[in-house]
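This report describes how the parts of one chain are arranged and how the chain meets its copies. The sequence and structure come first, and the description follows.

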There are 4 protein chains.
Amino acid sequence: MIRIGIVGASGYTGAELARILCNHSEVELTVATSRQYAGKPLSQVFPSLQGRADILCEDLSVAELVDRADFFFTAVPHQTAMDIVPRLVGAGKKVVDLSADFRLHDPQVYEQWYQTHTAKDLLTTAVYGLPELHRAAIGKAQLVANPGCYPTSVLLGLAPLLKAGLVDQQTIIIDAKSGVSGAGRAAQVGSLYCEVADGFKAYKVGEHRHTPEIEQELSGLCGMPVTVSFTPHLLPMSRGILSTIYAQVSKVLPDLTTLYQDFYREEEFVRVCPAGHYPATQYVRGSNYCDIGVKFDPRTGRVIILSAIDNVVKGASGQAVQNMNLMCGFPENAGLRIVPLFP
Amino acid sequence: MIRIGIVGASGYTGAELARILCNHSEVELTVATSRQYAGKPLSQVFPSLQGRADILCEDLSVAELVDRADFFFTAVPHQTAMDIVPRLVGAGKKVVDLSADFRLHDPQVYEQWYQTHTAKDLLTTAVYGLPELHRAAIGKAQLVANPGCYPTSVLLGLAPLLKAGLVDQQTIIIDAKSGVSGAGRAAQVGSLYCEVADGFKAYKVGEHRHTPEIEQELSGLCGMPVTVSFTPHLLPMSRGILSTIYAQVSKVLPDLTTLYQDFYREEEFVRVCPAGHYPATQYVRGSNYCDIGVKFDPRTGRVIILSAIDNVVKGASGQAVQNMNLMCGFPENAGLRIVPLFP
Amino acid sequence: MIRIGIVGASGYTGAELARILCNHSEVELTVATSRQYAGKPLSQVFPSLQGRADILCEDLSVAELVDRADFFFTAVPHQTAMDIVPRLVGAGKKVVDLSADFRLHDPQVYEQWYQTHTAKDLLTTAVYGLPELHRAAIGKAQLVANPGCYPTSVLLGLAPLLKAGLVDQQTIIIDAKSGVSGAGRAAQVGSLYCEVADGFKAYKVGEHRHTPEIEQELSGLCGMPVTVSFTPHLLPMSRGILSTIYAQVSKVLPDLTTLYQDFYREEEFVRVCPAGHYPATQYVRGSNYCDIGVKFDPRTGRVIILSAIDNVVKGASGQAVQNMNLMCGFPENAGLRIVPLFP
Amino acid sequence: MIRIGIVGASGYTGAELARILCNHSEVELTVATSRQYAGKPLSQVFPSLQGRADILCEDLSVAELVDRADFFFTAVPHQTAMDIVPRLVGAGKKVVDLSADFRLHDPQVYEQWYQTHTAKDLLTTAVYGLPELHRAAIGKAQLVANPGCYPTSVLLGLAPLLKAGLVDQQTIIIDAKSGVSGAGRAAQVGSLYCEVADGFKAYKVGEHRHTPEIEQELSGLCGMPVTVSFTPHLLPMSRGILSTIYAQVSKVLPDLTTLYQDFYREEEFVRVCPAGHYPATQYVRGSNYCDIGVKFDPRTGRVIILSAIDNVVKGASGQAVQNMNLMCGFPENAGLRIVPLFP
């Protein structure tokens, strides 16, 4: 039984980690931190967890934390993470960090899109935690940078095509849509029910911070620098991301559905839709699946890829547990056999 | 490994049975019927089940069905059920029927609220499948009538008070609210997104068919005839029922929260809220829990009980599996340790 | 052309006043205050108003305000209102106050449910602004206390029955449900999309501050003290209130639909549903209508009344404009002929 | 007072025409047809219209229709429209047809995307009813083909750029998202609340019938053949379309916001967002506005245009009334000064 600590348990990704770990037989949640709710049971913050995760929230220093668990999930904002993670790593702990602080290999790129980085040395050892692309490295890592929600959907959607060199990597346009949980649990007017319900809009047009993360990994896949158009939108729903991805074909294409099915044949958490069918976020809700559909449009010479995930699971906490499983030698699907909740 | 058949697999309760049974280690889904989708995989009807329940839908006679499974869930409309169930029972199969056909003990009451009953003899042997109230009888039953969704929330909410004789049983008013999945998957204008979204209304005021079912069981609890006001409403959401129940107090009350906690101390699937806290449907979503909160209002001398369930789980398919577990000697919570999905 | 000021323009009721007044031919919005958004156009706070209400938000003292308009709507929280309103009234301005500060005639009752009242003298002159019940007095008032959203739906629903003395006034139970806009535009976790969507719950059970307001007016209608059970719930939608009201019949009833139609025959903004039909919030969305349906249940001897309004219009800003129209001698429906938006 | 007939009044666009015409002072609704609801008041089909549009639905032949009104809106499915419209036109009536039957000038293109066309001669005289682009021709037309909802948002979004020749017309990618009302009021599983709520998906990928309509009009704007990628998606909300449009820049760009503001300076129903701001469907809800925001991304050399409408108003019935106003010499905004409903 491995002892688990969640740093930042009172956000949506923290609560989701607790939900998933309830049904994970190899681990035990031994510490959960929250400054705001210190002294309250986590199940009072999230009554959904009553009887399942009644652990008290605590406000602890890193020095206190390291005695309380063997493995840590850091589910805190970027910039806060780079303060905590190095000390957990320094104490010999394994860590999956759910923030953006250790995803970009190049500190200059990080500082251009975020702010000053104060733990640059870890950027070279942290592994980008997308198991379908970096499984072996994750298994050996002490620190895994859990991918962003948008990048997860995009990278899984594009990997087969880019690896096969079938599209022009400079023509990639990503039109992505996310549920509101992606904005976290902070009390802000823009996330109020009345502001978001029955409505739809784009935000951070041409300047969302997941852009360099997507470009880094896509460049790695095709071995060439990639620049993408990436436009995020806010959906009037809680969970789910659908990315619609366009790319100009550069070679004669094989059957695309077959290509994708072959690429992901061994992957439990990627489901390729039959030809002519497309994914929907409601079919992955609450699960660790990424569903992908793909079509070639001969009128325009473009491929259109649709990729759907639950942003809180495969886009955050589920993938974090998948990474933990790899890092700890557990079955990769332990705790993650949740069937999507529909309707 | 017990072989399971779902009769009527293409409705929401059928799909939900499949979802739950995916993670039930003692059973195997061996047959699923659907007239409309015969020949298609269930996972094409509900893509959420892809890779998990790819069984083909079939259109089978009862004679064909009985060879294909040991235990049956009948998830078909009332009146259709009374046609199929007697033959499954006659073939020696155990059955949980999710329709209303075998819930009422008195055929006259049934015929007053529904239509002619053609299998009246089974009314005396069928057991009303609310485990928290009838566990022992369910364990010995061959045919269990799975309770209605509204009655489940109401009966669990009122049982402690009525058994203790603390309220005037003729003053009970039940104001209940349900998500749209309660209306099933039939294509009808009234269930269209645009008709239901962003709106709220009552329906079948003073004439909903769950009324006699509630009254039968409440009468059984207090040993006196009970007549209730029951008003169902339609919520703009997919899953969940909240029943708000009012009753005039007839005796000096003990501490209500303590009363409820004591009553349900051994019940895994009933969670009593701390005093001053009330349940919400979003905290039981996707799970088999019934959450209950209770308050005495000294200004009016009335007790107010709030009872929340997921209508598709504890109000239908989850409770059906709970009944199956009891009927088959499995652990009562097998397959049902699903943690609520929030947000 | 009367000059209008909105004090507190950046909340939902403030914005709604601006929306309605855009199409009111007798008035001009000349000043709008907001501390938080001072210096910004109201149409930047609410882009829906672009090109229609581009007035700048200002942070003004009451002394500055009084020169800028002839008629004021105060759309600020209770306790803040009692600070501003007396000075506007003292400067000879007519005022519709949308807060709770001047609704209760009895200062003791106010202080029991709210806090200390610092402008008690105005409680005797302020008129409770429900035009269907107090039209004449409103026409002559300088200060009108705009009713609460819940009370509006309840009082219009019960008035015909109580005035006719047909029900036992001590048996009234009100189960009310409101959209999220009722909670205002403050940034708080409980109003976040993810907390509220796809869910339903009661709140302030037995202790909501609209209770004494309802009781005051119901007592006035029947000439006897009335104590009610009032349970508010939060609906997963932006706009709309439905109140479901129960009362025990005390006399032989006439035809209820006819009674209601007669009572409201001259009222443009109350629509009585045909017998057997019930209102829905989606059919009054965005409009000043109150739709009412009513049924007698012979099984229980109770009347059930369903009353639906848009809480932001008839429950707040629309009714405020209706009051202004009466106070200024405009046609009562000026600016209020908005047809409900469905779907 | 011009007498108006709505053919097909029981769909969402029919009901919306009735809603808008309630507040139009120059016209009177004298006939409304519906096969399904013949004999019922329109306000029973849509209770939102009670007291405002209580006209009876009738099932009439075209011969009977022509005596009952001077001007007709045909709000019936394509293929049905081409049966009715020619006879109305033949009887000398002015018609705005809301179907797709008269939008495409080239019968071959029509038959490639739809089915056989039986009234091809009208294709040459029908005017494409987008007032901002074809105002003069609309004013003189007897038959106006009301644009599709998606094309309306796309064409208004692209017109300034294409007319100015600033982008490569072969690089246009349109990622469009629509609320569920776009699917109409037919009872079908795919439009049920539970299928659509809390979910998001693409549909008809690369094969939606609005594609040739978009291409026809874009080609007209730039004088060159245009082929576009067009991907529609289904949003979990009732009303609203947001189109996100990408195009590769082919010349040095002027300030884009200024370009758009100049282009639409005289247009009452197009609102250009300030630089750095983008439209949202919730800010145009219920209104005839098209809100547009635009940004150049120097990293990729692409322009991104965001265009939002209410699909039932500017995307259908509002635009139809705007066309009627032009055809009848009324003020273009008559009946259309509705302020968006937010929240």
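## Domains of chain A

In this predicted model, the domain assignment of chain A gives two parts, domain 1 covering residues 2-125 and domain 2 covering residues 150-311. The centres of domain 1 and domain 2 of chain A, taken over C-alpha atoms, are separated by 26 Å.

The contact between these domains takes nine residues from domain 1 of chain A and seven residues from domain 2 of chain A. On the side of domain 1 of chain A that touches domain 2 of chain A, the residues divide into six nonpolar, two polar and one charged.

## Packing of helices α8 and α10

Helix α8 (residues 149-163) and helix α10 (residues 210-222), both of chain A, pack at an angle of about 20°, and their axes are 10 Å apart. Because angles under 35 degrees count as roughly parallel, α8(A) and α10(A) are therefore described as roughly parallel to each other. The crossing in which α8(A) passes α10(A) is right-handed.

From α8(A), the residues Tyr150(A), Pro151(A), Val154(A), Leu155(A), Leu158(A), Ala159(A), Leu162(A) and Lys163(A) take part in this contact, and they meet His210(A), Glu213(A), Ile214(A), Glu217(A), Leu218(A), Leu221(A) and Cys222(A) from α10(A). By residue class, the contact of α8(A) with α10(A) divides into eleven nonpolar, one polar and three charged residues.

## Chain A against chain D

The same surface serves both copies, since 100% of the contact residues of chain A recur in chain D.

In this pair, 36 residues of chain A are in contact with 36 residues of chain D. On the side of chain A that touches chain D, the elements that give two or more residues are the strands β8 (173-178), β9 (201-202), β10 (229-234), β11 (241-248), β13 (290-297) and β14 (302-309), together with helix α9 (193-196), of chain A. The residues on that side of chain A divide into 16 nonpolar, eleven polar and nine charged.

## Chain D against chain C

Chain D can likewise be laid on chain C, by a turn of 180° and a shift of 0.0 Å along the axis, with an RMSD of 0.0 Å. Here too the same surface serves both copies, and 100% of the contact residues of chain D recur in chain C.

Notes: Residues numbered from 1 in each chain as written. Chains lettered and ligands numbered in written order. Predicted model: local features only at pLDDT ≥ 70, side-chain atom pairs only at ≥ 80, totals over all residues. Axes fitted to C-alpha atoms, helices over the stretch in contact; angles between N-to-C directions. Helix = DSSP H or I, 4+ residues; strand = E, 2+ residues; numbered from the N terminus. Parallel < 35°, antiparallel > 145°, perpendicular 65-115°, else oblique. Left-handed = near helix turned anticlockwise from the far one by under 90°. Contact = placed C-beta atoms within 7 Å. Nonpolar A, V, L, I, M, F, W, Y, C, P; charged D, E, K, R; others polar. Domains from an automatic or database assignment. Least-squares fit on C-alpha atoms with pLDDT ≥ 70 in both.
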